Amino acid sequence: MSHTDPSSQVDTILSDGFVVSMDSSFHLYPHGAVALAGDSIVALGEADAINTHYTAHEKVDCKGCAILPGLVNAHTHMPMTLLRSLADARRLAV
């Protein structure tokens, strides 16, 4: 877990979910939490440690959920496969 200083105030804590980090070791936290300030991740790690070091205006119970804070640009092109080759024989408009 990384944090700035003990008892830091953040906007939101997503707590008690399965946290999948995208750090260099791809750590997994089965009972994890993520502390958020604005649109930034302040810290993530074991829920007990995050809840000890941070207080929040809003705390979201994520029990039974996966928390995926490291996924950037997680859109998919899978639906586009349905349209593949649909207009290959047509000329492009000028």
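Author: Happy to! This is a predicted model.

Reader: Nice. Which residue in strand 3 is the bridge partner of Ala 35?

Author: Ala 35 has Ala 43 as its bridge partner there.

Reader: And what does Gly 38 do in the hairpin of strand 2 and strand 3?

Author: Gly 38 takes a positive phi near 65°. That hairpin has 2 residues between its strands.

Reader: How does strand 1 pair with strand 2, parallel or antiparallel?

Author: Antiparallel: strand 1 (residues 8-20) and strand 2 (residues 28-37) share 7 bridges. One of the bridge pairs is Val 20 with Leu 28 of strand 2.

Reader: Changing topic, what's in the largest nonpolar core?

Author: That core has 8 residues: Val 10, Ile 13, Ala 33, Ala 35, Ala 43, Ala 47, Ile 50 and Tyr 54. Strand 1, strand 2 and helix 1 (47-53) each give two or more residues to this core. Another core, of 6 residues, lies apart from it and includes Val 19, Val 34, Leu 44 and Cys 62.

Reader: What about the outside? Which residues make the nonpolar surface patch?

Author: Leu 82, Leu 83 and Leu 86 make a patch of about 390 Å². Leu 86 sits in the segment after strand 5 (66-67).

Reader: Why does Leu 86 count as exposed?

Author: Because its relative accessible area is 65%, and exposed means over 50%.

Notes
Residues numbered from 1 in each chain as written. Predicted model: local features only at pLDDT ≥ 70, side-chain atom pairs only at ≥ 80, totals over all residues. Heavy atoms only, no water. Patch = residues over 30% accessible without salt bridge, like charges linked within 9 Å, V, L, I, M, F, W, Y side chains within 5 Å. Areas by Shrake-Rupley, 256 points an atom, 1.4 Å probe, with all protein chains shown as cover. Salt bridge = Lys/Arg side-chain N within 4 Å of Asp/Glu carboxyl O. Helix = DSSP H or I, 4+ residues; strand = E, 2+ residues; numbered from the N terminus. Buried < 20%, exposed > 50% of the residue type's maximum accessible area, 1.4 Å probe, protein only. Pairing = 2+ DSSP bridges. Core = buried A, V, L, I, M, F, W, Y, C linked by side-chain atoms within 4.5 Å.
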